[in-house]
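These entries record what I looked up in one structure, item by item. I kept them brief and in the order in which I worked.

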Amino acid sequence: MPRGQQQEPPAAAAANKSNRKDPPLIQCADLILPWLTPRELANISSSCKTLSQISKSITLRRTLDASRFLENHPIPFLNPNNQHPYAYFLYTPSQLLPSQSPLRQPWGSQLDRDSLGRHRGSSTCKMNEPGEVLRGCDSGPATPRRGTGESGKGVGGCDCDCEGCEEGGTGWEFSGLEEMGIITECGPGCGCGLECGNRLSQRGVLGRLKIVRDGKKGWGLFADQMICQGQFICEYAGELLTTEEARKRQQMYDELASGGQFSSALLVVREHLPSGKACLRINIDATRTGNVARFINHSCDGGNLATVLVRHTGSFLPHLCFFASRSIKEGEELTFSYGDIRVRSKGLQCFCGSSCCFGTLPSENT
């Protein structure tokens with residue numbers, strides 16, 4: 001050995017020798033495989049033992065958090081039969097246009113939560129151990145109050161003069177929720193950050209939830225902790241569609257659903273104007289791209305969630321948000337009413353199991 005050249009440790013030499021033998025795909029497998037769909041992942045896992053083991057670890061990590069680390073807490077999938085351990089879709093914490101929807105999204109890599117940028121622009125959310133929030137992300141009380149400094153302005157960098165910020169909260173009572181009420185929060189038109197007490201619905205999914213598969217009913221969203229009445233759960237996130245595009249997609253979804261192996265998540269919301277002569281129609285499709293709200297099932301008795309339209313200052317379109325209409329026990333399924341109209345003679349079967357179940361899901365001509 002030439003003078004001055006150090007000998008490589010045996011373990012490191014063996015590892016380097018082993019790595020040189022691996023093809024490029026295996027060397028970069030943990031970077032590439034998380035981008036694959038379940039079918040693609042299954043196909044590549046059958047090619048060799050090493051890729052099969054890596055694919056299994058990716059599948060396990062996918063089942064542990066449906067939100068891709070983009071929410072405050074992990075949201076696991078639980079499927080007793082293990083045939084389909086998770087539901088595949090692209091994740092978005094809020095509304096987006098179809099042109100903004102990603103074609104692919106990494107899911108199941110070994111990257112930790114911080115490196116995936118969970119915080120959505122908030123510097124107050126810090127993670128310690130996986131899933132443990134140190135500060136800034138807990139749901140806390142439904143109407144968080146903020147202290148004031150000597151200047152009289154809200155602590156936490158909020159210096160906008162909107163009514164909600166002046167009061168230190170949302171400016172409305174959570175205990176008396178009414179279905180499809182409308183409230184206003186700070187938004188792009190305000191200079192405050194997500195720590196502002198008047199931006200409660202913009203902090204993502206606040207409570208601990210889990211997604212459970214239940215026989216014919218399919219996937220459902222369940223509380224993984226006690227939820228108090230009035231507590232914010234999440235918004236209904238997905239692609240914002242024009243009415244024309246929504247009708248095209250609904251027709252396609254109806255054809256797929258006729259085979260019994262497909263369930264869409266296209267929600268139509270109508271905000272009636274004060275005159276009562278017109279309404280604003282909002283089409284949110286979470287079928288391909290959405291958040292955990294796409295797993296909230298219908299209940300003919302109205303369920304345990306209230307729907308509220310939240311308009312952010314500076315934004316034209318409101319956001320559809322869910323709040324607990326009553327106290328919800330740990331392990332209880334989260335449900336709401338999809339509507340009362342049923343115009344289709346052959347509507348989809350309802351499995352809500354309530355005492356007033358109509359037997360079919362609400363439907364109307366879109």
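Predicted model: local features only at pLDDT ≥ 70, side-chain atom pairs only at ≥ 80, totals over all residues.

Entry 1. Glutamate 40 is partly exposed, as its relative accessible area is 27%. I then looked up its charged partner and found a salt bridge between the side chains of glutamate 40 and arginine 104, with an N to O distance of 2.8 Å. Glutamate 40 belongs to helix 4 (residues 38-45), whereas arginine 104 sits in the loop between strand 2 (90-91) and strand 3 (126-127), so this contact ties together parts 64 residues apart in sequence. For arginine 104 I noted a relative accessible area of 36%, so this residue is also classed as partly exposed.

Entry 2. I next asked how many salt bridges the structure holds. The count is 8. One of them joins arginine 61 to aspartate 30, whose closest N and O atoms are 3.2 Å apart. I placed arginine 61 in helix 5 (residues 49-64) and aspartate 30 in helix 3; the pair therefore ties together parts that are 31 residues apart in sequence. Is arginine 61 buried or exposed? Its relative accessible area is 19%, and the cut-off for buried is under 20%, so I recorded arginine 61 as buried. Aspartate 30, at 23%, is partly exposed.

Entry 3. I stayed with helix 3, which spans residues 29-32 and also contains leucine 31. Leucine 31 has a relative accessible area of 61%; the cut-off for exposed is over 50%, so leucine 31 counts as exposed.

Entry 4. An open sheet is formed by 3 strands in the order 1-6-7, with mixed pairing. Its edges are strand 1 (77-78) and strand 7 (218-223), each of which pairs on one side only. I then examined how strand 6 (residues 209-214) meets strand 7: the two run antiparallel and are joined by 6 bridges. I also looked up leucine 209, whose bridge partner in strand 7 is alanine 223.

Entry 5. I searched this region for charged pairs and found aspartate 224 in a salt bridge with lysine 210, the closest N and O atoms lying 3.7 Å apart. Lysine 210 is in strand 6 and aspartate 224 is in the loop between strand 7 and strand 8 (232-235); the pair links distant parts of the chain, 14 residues apart. I compared the cover of the two partners. Lysine 210 is buried, with a relative accessible area of 19%, whereas aspartate 224 is partly exposed at 29%.

Entry 6. I also looked for charged side chains joined beyond a single pair. Glu239, Glu245, Arg249 and Asp285 are linked in a network of salt bridges.

Entry 7. Last, I asked how many cavities of 30 Å³ or more the structure holds. There are 2.

Definitions and conventions: Residues numbered from 1 in each chain as written. Heavy atoms only, no water. Helix = DSSP H or I, 4+ residues; strand = E, 2+ residues; numbered from the N terminus. Buried < 20%, exposed > 50% of the residue type's maximum accessible area, 1.4 Å probe, protein only. Pairing = 2+ DSSP bridges. 1 Å grid on protein atoms, 1.4 Å probe; cavity = no way out; pocket = protein on both sides within 12 Å on 5 of 7 lines; lining within 4 Å. Points joined across faces, edges and corners; volume = space filled by probe spheres on them. Salt bridge = Lys/Arg side-chain N within 4 Å of Asp/Glu carboxyl O.
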